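Biologist: I have a new model open and would like to go through it with you. Could you take my questions as they come?

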Amino acid sequence: MKVKVFIITEATGKVEAELIDEYSPKTFKAIVKALPIESVASRWGDEIYFSIPVDVPEENAKEIVEKGTIAYWPPGNSLCIFWGPTPASRSSDEIRPASPVNVVGKVLGDPSIFNKVRPGDRIRIERA
C-alpha cells in the first residue's frame, strides 16, 4: 500500500512524497494514523529529522539508506528525510543514519531541496 503525502516547510513549499508499507508495515500504519503531523526540524548532515507522535520499535531496520529515503528513527521517535552523507557516513556516497531506521517511504523528485530547511523550521506532513 502507498499513501501520497506532502512534506511542507516555508523553505521548500509542498514536496510530494509517498509512504510505503512494504518495508516496515507496523511503522507505516502508525505514521499514517498520526497524520497530519506538525513538528520542528533539526539537521544532521544531509538529513532533516523531527519528532512525531509515534512510538514503535525497530522493524526491518536499515543501517544504510538511499537518497530520498523517509524513515522512522526509533530512539528519537523521529521521522528522517535523507539526501546525502551524514556525520556517521563512512564515504561521500554513503548515507548512514545515526543508528538503524525503519524505512517508510521516499521523496518524489529531488530530495536535496531539503537542504534549504534550517534547524527550528516548522515542518508538516499531510495526506496529498
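Biologist: Is tyrosine 49 buried, exposed or partly exposed?
Modeller: Tyrosine 49 counts as partly exposed, because its relative accessibility is 25%. Keep in mind that this is a predicted model.

Biologist: How many aromatic pairs are there?
Modeller: The count comes to 2 aromatic pairs. One of them joins tyrosine 49 to tryptophan 73, edge-to-face, with 6.4 Å centre to centre and 70 degrees between the planes.

Biologist: Where in the chain do those two sit?
Modeller: Tyrosine 49 is in strand β5, residues 47-51, and tryptophan 73 is in strand β6, residues 69-73. They are 24 residues apart, and the pair links distant parts of the chain.

Biologist: And tryptophan 73, buried, exposed or partly exposed?
Modeller: Tryptophan 73 is partly exposed, with a relative accessible area of 22%. The cut-off for buried is under 20%.

Biologist: Why is the pair of tryptophan 83 and phenylalanine 114 called tilted?
Modeller: The planes of tryptophan 83 and phenylalanine 114 are at 35 degrees, so the pair is tilted. Stacked would need planes under 30 degrees apart, and edge-to-face over 60. The ring centres of tryptophan 83 and phenylalanine 114 are 6.5 Å apart.

Biologist: Which parts of the chain does that pair link?
Modeller: Tryptophan 83 is in the loop between β7 (78-82) and β8 (102-107), while phenylalanine 114 is in the loop between β8 and β9 (122-127). The two are 31 residues apart in the chain. Both tryptophan 83 and phenylalanine 114 are buried.

Biologist: What sits over the ring of phenylalanine 6?
Modeller: The charged end of lysine 14 does, 4.8 Å from the centre of the ring of phenylalanine 6.

Biologist: Let's step back. How many helices and strands does the chain have?
Modeller: There is 1 helix, and there are 9 strands. In sequence order the pattern reads β-β-α-β-β-β-β-β-β-β.

Biologist: Why call the chain as compact as a globular protein of that length?
Modeller: Its radius of gyration is 13 Å, close to the 14 Å that the globule rule gives for 128 residues, so the chain is as compact as a globular protein of that length. The C-alpha trace spans about 35 × 30 × 25 Å along its principal axes.

Biologist: What share of the residues is buried?
Modeller: Buried residues are 46% of the 128 in the chain. As for the accessible surface of the chain, that is about 6400 Å², and 48% of it belongs to carbon and sulfur atoms.

Biologist: What share of the contacts comes from residues 24 or more positions apart?
Modeller: Taking contacts in the chain with a separation of 6 or more, 70% are between residues 24 or more positions apart.

Biologist: On to the inside. Which residues have the most contacts in the largest nonpolar core?
Modeller: Leu19, Ile31, Ile70, Leu79 and Phe114, in a core of 29 residues. At least two residues of this core come from each of β1 (2-9), β2 (13-20), α1 (25-34), β5, β6, β7, β8 and β9. The largest share, 4 residues, is from α1.

Biologist: What does leucine 19 touch?
Modeller: Leaving out residues up to four places away in sequence, leucine 19 touches residues including Met1, Phe28, Ile31, Ile70 and Val104. Another core, of 7 residues, lies apart from the largest one, and Val65, Cys80, Ile95 and Val101 are among its members.

Biologist: What about threonine 86, buried or exposed?
Modeller: Threonine 86 is buried, at a relative accessible area of 7%. Its place is in the loop between β7 and β8. Neighbours within four places in sequence aside, threonine 86 is in contact with Trp44, Gly45, Glu47 and Arg96.

Biologist: Now the backbone. Which residues does the cis peptide bond join?
Modeller: Leucine 35 and proline 36, with omega at about -5 degrees. Proline 36 is in the loop between α1 and β3 (37-40).

Biologist: What is phi of asparagine 60?
Modeller: Near 50 degrees, a positive value in a residue other than glycine. Asparagine 60 is in the loop between β5 and β6, and asparagine 60 is exposed, with a relative accessible area of 52%.

Biologist: And phi of asparagine 77, what is that near?
Modeller: Phi of asparagine 77 is near 45 degrees, also positive. Asparagine 77 lies in the loop between β6 and β7 and is partly exposed, with a relative accessible area of 24%.

Key:
Residues are numbered from 1 along each chain as its sequence is written. This is a predicted model: local features need pLDDT of at least 70, side-chain atom pairs count only at pLDDT 80 or more; totals for chains, interfaces and linings use all residues. Side-chain values use heavy atoms; hydrogens and water are left out. Rings of Phe, Tyr and Trp (its six-membered ring) pair if their centres lie within 6.5 Å; planes under 30 degrees apart count as stacked, over 60 as edge-to-face and the rest as tilted. Buried means under 20% relative accessible area, exposed over 50%, partly exposed in between (1.4 Å probe, protein chains only). A charge sits over a ring if NZ of Lys or CZ of Arg is within 6 Å of the ring centre and within 35 degrees of the ring normal. The radius of gyration is taken over C-alpha atoms; the globule rule is 2.2 Å times the number of residues to the power 0.38. Contact means heavy atoms within 4.5 Å. Accessible areas come from the Shrake-Rupley method with a 1.4 Å probe; for residues, only the protein chains shown count as cover. A nonpolar core is a set of buried Ala, Val, Leu, Ile, Met, Phe, Trp, Tyr and Cys residues joined through side-chain atoms within 4.5 Å.
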